[in-house]
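Thanks for coming. I have one model to go through today, so please look at the sequence and the structure while I talk.

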Amino acid sequence: MKVAQYITAPAGETPDAGALMTDNRSFAEGVVMNIEIDSSKCQGHALCALMSDDYFTLDDIGHIASTSGEVPPDDQNRARRGVEACPERVFTIS
Amino acid sequence: MTSTDNFPSQAANAFDTDLNHHSLEFARDPLRALSELQSRCPVAKSSHAEGFWLLTSYDLAFEALHTPEIFSSRPNEHGRGIPPQPGAGSLAPIDYDQPELGLYRSFLLAALSPGSVREMQPIITDMTNDLIDQFIERGTADLSDELFTPLPAQMILHILGLDSSRWPEWVSWVHGFVHDMGVDPELAVQKVMTMFGEIYQEVGSARAQPKPGLLGELAVAERDGRKLTDDELANMVFLLILGGMDTTAGLTANSLLLIDAQPGLREQILADPSVLGQGTEEFLRYATPVLGLPRTVTEDTAFHGRQLKKGDQVFVMYAAANRDPSQFDDPDTVDLSRKATRHMAFGLGVHRCLGSNLARAMFKIMISELLTRIPDLAVSGSEVVRYDDASAVYAVRHLPITFTPGQRKSLG
């Protein structure tokens, strides 16, 4: 299946302790990746943009501008890096 | 009390400690004291000062920072600080809760956003290289005095639209507040007063006629249909200068000491300075300059087996949380490839440091320019002098280095 090539974590990449409050199950099974964004929790750390190579975008005060939705297969790895970077737990992957 | 299970019988008073965060002993090795507390008792009470609580685990610090209705940023009736410091009233926005907090922050967020800071990078780089030019032909330097302190100081004055060439005076006033309050309180108060006098003068002139820079913008800006009062504006400028100066200097100096002690870090940065993109977060985690900040309990509260009383002071120790093994594997190792972005060096929750984007940019530029231009710099370890009081900022007063002399970039 086409999505499968995007779902494998890069070799040697292991999640940090405590980093996985997101549910990666569906991700690992190659199903569509959906990201819920609770922007009310965003405090403007701007780390989701930094760590996702700007998959997530910020508004002019540096808070999250991206909205909830499905992640294109090509972007799933960098989106996941952005999700895991957030210290305020703004994101949920389903 | 309900959940004393974590603290078995031998430790009926195990949550008591005599930790004095202003002491020389603490300043020498704060992380050791905090880690010891974290493993023994993540909600501890110090008998020092008027008594205060210390939160040292990641989860408890996270919870407190995200429960501002119980853990308020308003100082209690005795004043700000543990123990209360003379010479300053509540500073905006740091000493406020919602809704004032949000209002004050709304005046500042855009000026310090990632986009605004990106536009400042060429200026930061020029300032950094000008400072390095001053000592690169000499073969010796004091990095605290000649780069890490002046760069952030010049930069925040520049952002505000103040005369950045007067940075030494501002630094001397700020140091009175940050480092000397416990050492020479009278002089410290005098310096704070001088600094406020200077700020009120600038506020007055910015009110009188348009002035380029953030102070000029704040003097005319309106939110919710009103402008800032002179007192609010002066408090805000005081805090911007305070926060802008010593914290980044502390982070950069603490990190340079690590880079000097661990040659592998220097090799990685020299081989590819872009490792500082993610690596900056690891330095923030490990070399956290603001060890913690206090909160005030708003009502009697049971908190993880302890009974907190209304008005109690609670020190939320960011630096300890950043070394919590339950959050960070192998926390006492510096690993630039670690995804360490969930550290709380800038605090978490509604008080996230407004200068975080600027601090990151200044840190990256200072470290990368310094190592690129002076790759063989060696810290004169025996001459490094830390400040005697780490309670506000864990930082380095003198950081002497030696190196092979190099070339200036500009003719100067």
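I will start with chain A, then move to the helices and cores of chain B.

Before anything else, note that this is a predicted model.

Chain A, then. It has four helices and three strands, and along the sequence they come in the order α-α-β-α-β-α-β. The chain has 94 residues, of which 44% count as buried. If you take the contacts in chain A with a separation of 6 or more, 69% of them are between residues 24 or more positions apart.

Take Gln43(A), which sits in the loop between strand E1 (33-37) and H3. Is Gln43(A) buried or exposed? With a relative accessible area of 13%, Gln43(A) is buried, because the cut-off for buried is under 20%. Setting aside neighbours within four places in sequence, its contacts in its own chain are His63(A) and Glu88(A), and those in chain B are Arg105(B), Gly349(B), Val350(B) and Arg352(B).

The other one is Asp60(A), in the loop between helix H3 (47-51) and strand E2 (69-71). Asp60(A) has a relative accessible area of 61%, so it counts as exposed, the cut-off being over 50%. Its contacts, with neighbours within four places left out, are Ala110(B) and Ser113(B).

H11(B) has 32 residues and spans 47 Å from first C-alpha to last, close to the 46 Å expected at 1.5 Å a residue. This helix is mostly covered, with 26 of its 32 residues buried.

Gly250(B) is buried, with a relative accessible area of 0%. What does Gly250(B) touch, not counting residues up to four places away in sequence? The answer is Pro289(B), Tyr394(B) and Ala395(B). Arg397(B) is 147 residues from Gly250(B) in sequence, yet the two C-alpha atoms are 8.9 Å apart in space.

Next, the nonpolar cores. In soluble globular proteins, nonpolar side chains tend to be buried together. The largest core here has 99 residues. The residues with the most contacts inside it are Leu147(B), Phe148(B), Ile241(B), Phe283(B) and Leu370(B). H11(B) gives the largest share of this core, 16 residues. Apart from that core lies another, of 41 residues, which includes Ala27(B), Ala64(B), Ala319(B) and Met344(B).

Two packed helices are described by the angle between their axes and the distance between the axes. For helix H5 (residues 114-136) and helix H15 (residues 356-373) of chain B, the angle is about 35° and the axes are 9 Å apart. The crossing of H5(B) and H15(B) is right-handed. On the H5(B) side the contact includes Val117(B), Ile124(B), Ile132(B) and Phe135(B), while the H15(B) side includes Leu358(B), Met362(B), Met366(B) and Leu370(B). By class, this contact has 13 nonpolar, five polar and three charged residues.

That is the end of the tour; questions are welcome.

Conventions. Residues numbered from 1 in each chain as written. Chains lettered and ligands numbered in written order. Predicted model: local features only at pLDDT ≥ 70, side-chain atom pairs only at ≥ 80, totals over all residues. Heavy atoms only, no water. Buried < 20%, exposed > 50% of the residue type's maximum accessible area, 1.4 Å probe, protein only. Contact = heavy atoms within 4.5 Å. Axes fitted to C-alpha atoms, helices over the stretch in contact; angles between N-to-C directions. Helix = DSSP H or I, 4+ residues; strand = E, 2+ residues; numbered from the N terminus. Left-handed = near helix turned anticlockwise from the far one by under 90°. Nonpolar A, V, L, I, M, F, W, Y, C, P; charged D, E, K, R; others polar. Core = buried A, V, L, I, M, F, W, Y, C linked by side-chain atoms within 4.5 Å. Expected span 1.5 Å × (residues − 1).
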